[in-house]
Amino acid sequence: MATNAKNLAELLNTDTTVAVGDIADGSVTTAKLAADAVTAAKLADDSVVTANIVDGNVTAVKTTGVGKGKNMIINGAMQIGQRGTITGLQDGYGALDRFHLTGNTDARVTISKHTSSNVPEQGFPAALKIDVTTADTSIASTDYHYLGYKFEGRHLQHIKKGTSNAESLTLQFWVKSPKTGTHIVQLFDQDNTRGISKLYTVSSANTWEKKIITFAGDTTGTMNDDNNYSLQIYWWLLAGSDYTTGSLRTSWDSWSSNGTAAGQVNVFDNTSNDFYLTGVQMEVGTQATDFEHRSYGEELQLCKRYYELLTGSTYPTDYSTATLGNYFWTVEKRGQPSVTGTASGGHTFNGRYVQGGYIYKNPANHNSVENIAGDSEL
């Protein structure tokens with residue numbers, strides 16, 4: 001009995017520390033580790049080095065929020081609105097920079113920057129708001145309306161479209177629609193006349209919902225490496241039978257109206273309808289990562305490549321027979337802009353230069369010129 005007690009005491013006093021040498025290689029597997037068992041505090045400084053990471057183990061989803069420049073969309077948080085509210089709009093840019101309304105129906109809308117009751121918990125203080133002011137319930141077969149975003153070709157070379165290494169693209173956004181059911185979002189390749197459409201479902205009307213959609217890479221049709229329009233995102237808002245008949249075209253193919261927007265609801269069928277969009281991000285890959293928030297200043301500079309408003313007054317110089325003055329853009333434009341301004345006396349605005357231009361009036365007129373705007377949108 002004494003011997004057994006002694007042996008038990010020896011066992012209890014034995015050092016039970018598990019040394020590295022006692023663990024066979026490969027015996028500690030992921031399955032044997034409890035969730036969150038390996039914490040930062042248990043990792044020695046510099047213990048995770050590149051040599052210890054197997055190729056392919058660090059995927060896009062594991063680097064959420066790492067790095068800058070992943071979001072291909074300019075003004076996706078809807079911060080910049082140089083044009084201000086636009087009323088009675090059928091087709092054109094308005095309110096929020098880089099996003100435009102395109103359509104041919106009898107519907108008319110007011111587009112504005114909406115700054116309340118959005119999704120502030122997600123970090124988006126503003127949204128693009130489309131307020132239907134003239135409804136259209138009688139949709140002809142050729143009718144369409146969509147909200148669009150266009151890309152230059154030179155901003156798309158990294159997606160490797162038209163090659164065997166073509167990249168998938170993942171689009172995420174927050175939407176509040178007045179209509180439940182099927183909504184269509186589409187990519188259209190202008191350079192090669194190709195397209196792909198995907199549906200997203202709105203579950204609750206007039207409620208913010210986050211949508212994530214992945215488009216497969218397209219191995220056909222390379223993008224032109226220039227400053228012209230090459231790719232567009234369509235958020236369909238209504239579509240006639242020319243676009244809704246047939247099955248939805250969910251794979252890249254030569255564009256045809258048939259099936260482009262199959263199932264799309266009519267968002268413009270009532271003047272009480274409001275459609276909202278914010279938090280737009282498109283990135284390379286099949287995973288949606290954290291939204292890349294840029295500062296107001298960064299977004300403004302990016303937007304000014306396409307549209308810039310010079311607020312304040314400019315006073316051209318009077319010469320003997322004419323008035324002449326110069327203006328200069330703060331950001332070089334994508335291409336030759338069209339120029340407008342507010343002035344009395346019939347001033348002419350020459351905007352053939354991407355860096356600026358001049359104001360001309362004959363005969364001389366010393367009146368000031370205000371709100372010079374240069375538009376080089378795609």
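Me: Which residue does Arg294 meet in a salt bridge?
Reply: Glu299: the two side chains meet at 3.3 Å, N to O. Keep in mind that this is a predicted model.

Me: OK. Is Glu299 buried or exposed?
Reply: Buried, because its relative accessibility is 2% and the cut-off for buried is under 20%. Arg294 counts as buried too, at 15%.

Me: Which other residues of helix α3 are buried?
Reply: Along with Glu299, you have Leu300, Cys303 and Lys304 buried in α3, which runs over residues 296-304.

Me: Why do those end up on the same side of α3?
Reply: They cover an arc of only 135 degrees around the axis, so they sit on the same side of the helix. As a general point, an α-helix has 3.6 residues a turn, so residues three or four places apart point the same way.

Me: And what do the buried residues of α3 pack against?
Reply: Strand β14, residues 307-314.

Me: Back to salt bridges. How many are there in the whole structure?
Reply: A search of the whole structure turns up 13. One of them pairs Arg194 with Asp218, with the closest N and O atoms 2.9 Å apart.

Me: Where do Arg194 and Asp218 lie?
Reply: Arg194 is in strand β9 (194-202), while Asp218 is in the loop between β10 (209-215) and β11 (229-239), so the pair ties together parts that are 24 residues apart in sequence. Arg194 is buried at 10% relative accessible area, and Asp218 is buried at 6%.

Me: What about Glu167, which residue does it bridge to?
Reply: Lys160, and the closest N and O atoms there are 2.9 Å apart. Glu167 is partly exposed, with a relative accessible area of 24%. Lys160 is partly exposed as well, at 35%.

Me: Which residues are linked in a network of salt bridges?
Reply: Arg83, Arg98, Asp375 and Glu377 are linked that way.

Me: Switching topic: how many residues are in the largest nonpolar core?
Reply: It has 62 residues. Phe99, Ile130, Trp235, Phe268 and Met282 are the ones with the most contacts inside that core.

Me: Which element gives the largest share of this core?
Reply: That's β11, with nine residues.

How values were computed
Residues are numbered from 1 along each chain as its sequence is written. This is a predicted model: local features need pLDDT of at least 70, side-chain atom pairs count only at pLDDT 80 or more; totals for chains, interfaces and linings use all residues. Side-chain values use heavy atoms; hydrogens and water are left out. Buried means under 20% relative accessible area, exposed over 50%, partly exposed in between (1.4 Å probe, protein chains only). Helices (H or I, at least four residues) and strands (E, at least two) are DSSP runs, numbered from the N terminus. The arc is that of the directions from the helix axis to the C-beta atoms. Contact means heavy atoms within 4.5 Å. A salt bridge is a side-chain nitrogen of Lys or Arg within 4 Å of a carboxyl oxygen of Asp or Glu. A nonpolar core is a set of buried Ala, Val, Leu, Ile, Met, Phe, Trp, Tyr and Cys residues joined through side-chain atoms within 4.5 Å.
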